[in-house]
Amino acid sequence: MDLAETLAAIVGPGHVLGPERLALRDPGWCRGSQGAGLLVRPAGAAELSALLRATPGVAVVPQGGLTGLVEGTETHPGQLIVSFERMNRIHAIDPAQAVALVGAGVRLADLDAALEPFGLMAGVDIGARDSCTLGGMVATNAGGIRVLRYGMMRAGVLGLEVVLADGAVLDLTTPLLKNNAGYDLKQDFIGSEGTLGLVTKVALRLFPRPRGIATAMLGCAPSALSALMPRLRAALGEQLAAFEGIWPACFEHVARGLALTRRPLGPQDLYLILEAFGPDDTAARLALEAALEPLILDGTLGDAVIAQSASDRAAFWKIREGGGAIGSGGETVHSYDVSLRLADLDPYVTALEARAAGALPGVAVLVLGHVADGNLHVMLMGPPDLPRPPCDALVYGTLAGFSDASVSAEHGIGLEKRAILAQVQPPAVRAAMRALKAAYDPGNRLNPGKVLG
Ligand SMILES: Cc1cc2nc3c(=O)[nH]c(=O)nc-3n(C[C@H](O)[C@H](O)[C@H](O)COP(=O)(O)OP(=O)(O)OC[C@H]3O[C@@H](n4cnc5c(N)ncnc54)[C@H](O)[C@@H]3O)c2cc1C
């Protein structure tokens, strides 16, 4: 029996896809995601376990919603793609425990719709919500726009079901908030990008859905960021739910790309989007107004506008999530996802712009991000033939001048950041990571080549 026949005997022939059927599917954000030419879609952990046991030595690449941004789902001939799309059941929603047990293939937007009637939601929210899956979000420890309120994915994962390289199934799906019974193995798989185990179910902590939201777009000097944050925290406490920033060059490109006819604010040194939760929209708006007023009066903040309607709010977020409009004129855009201390954000962007003007004339430095988390998404945009290596050198070379900086804030490593990770990681940390990989996956069959290379 060849590989496809072996798989078909386990999952049924309709769930083994060769190159012709694969070609009909959207490859997602990773150009080489379909290179393997062979995809299997098991119904759950039992089938996945059986197929791994029946195909020892075959390299396996897990794929969720294919929205990952670091080439973590690239595949090659001879490898096998495992898709989680049939594991799309929401097994249970327990409002008493505020926990959901969901299949790894459930999309975030679908989970959100199912939670709405219960007045609950997942803490993490990201722009790819319509396509990304809970399994992929666990595997990348996704962050997004609400990290300052709810933490990254890790903070919400109470339990996991994981299938290991040898087919062993780890049932770690306890929905308990407290569970210190031995090593907390689930932590090993969160953020491991499918290199240590395959996530088949997720027990997720849920949070009350905000009944009211107020959203503001503001202008401020980038140097004011670190003074602004503690004052906003003090004024709004747990109501502060989002704090995003867009640097002016980026704002201009997005506004032009989206062909905006009306801009919420005139020109600013830094555009901020703030969101506050409250018991209803009016209360949230009043709390936001009260928090912003002293900051405007003492000049910490420049212009400000608070959304008066759902469509105003959507218009603000359209600009923040409009990064896809960058490069729509045929330019090449190389993207990065770095993090620094809050006080270092402005010096980093200033240094980057200065160095780009010298080393890469004509290349635009476009920056936006989750500023409260110290997380910048940097895009270098230039002519169609703009090579990546000098852009990498610029972004990471500038970052090297700052302590406590990270070359990957939330997107992970995949293939794209393997080389820079190898450069910046202390040897002892790298050796510990290799030991962990060897312990879970001694044959290097799970997403080989990703993260560690
Ligand atoms: C428009 C847009 C906005 C985004 N915004 C954010 C953001 O704000 N914050 C953020 O953190 N990310 C963001 N991302 C990146 C991306 O959406 C996240 O990384 C997401 O978590 C990936 O989920 P996915 O299901 O698409 O995974 P995929 O892209 O399919 O896979 C991602 C990685 O996880 C592995 N994997 C997938 N499923 C499993 C599984 N079940 N078990 C084990 N490994 C698995 C894959 O092998 C791969 O290494 C954004 C992406 C886009 C396109």
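A: We begin with contacts along the sequence. In this predicted model, 73% of the protein chain's contacts with a separation of 6 or more are between residues 24 or more positions apart.

Q: How many helices and strands does the protein chain have?
A: There are 16 helices and 17 strands in the protein chain. With a radius of gyration of 23 Å, close to the 22 Å given by the globule rule for 453 residues, the chain is as compact as a globular protein of that length. Along the principal axes, its C-alpha atoms fill a box of roughly 75 × 55 × 45 Å.

Q: What share of the residues count as buried?
A: Buried means under 20% relative accessible area. Of the 453 residues, 50% count as buried.

Q: How many aromatic pairs does the structure hold, and how is one read?
A: The structure holds five aromatic pairs. Planes under 30 degrees apart count as stacked, over 60 as edge-to-face and the rest as tilted. The planes of Y150 and F207 are at 50°, with ring centres 4.6 Å apart, so this pair is tilted. Y150 is in helix α6 and F207 in strand β10, 57 residues apart, and the pair links distant parts of the chain. Y150 is buried at a relative accessible area of 8%, and F207 is buried at 15%.

Q: Is the pair of Y348 and F402 stacked or edge-to-face?
A: Y348 and F402 are edge-to-face, with 80° between the planes and 5.8 Å from centre to centre. Y348 lies in helix α13 and F402 in the loop between α14 and α15, so the pair ties together parts 54 residues apart in sequence. Both Y348 and F402 are buried.

Terms used:
Residues numbered from 1 in each chain as written. Predicted model: local features only at pLDDT ≥ 70, side-chain atom pairs only at ≥ 80, totals over all residues. Heavy atoms only, no water. Helix = DSSP H or I, 4+ residues; strand = E, 2+ residues; numbered from the N terminus. Rg over C-alpha atoms; globule rule 2.2 N^0.38 Å. Buried < 20%, exposed > 50% of the residue type's maximum accessible area, 1.4 Å probe, protein only. Contact = heavy atoms within 4.5 Å. Phe/Tyr/Trp six-rings, centres within 6.5 Å; stacked < 30°, edge-to-face > 60°.
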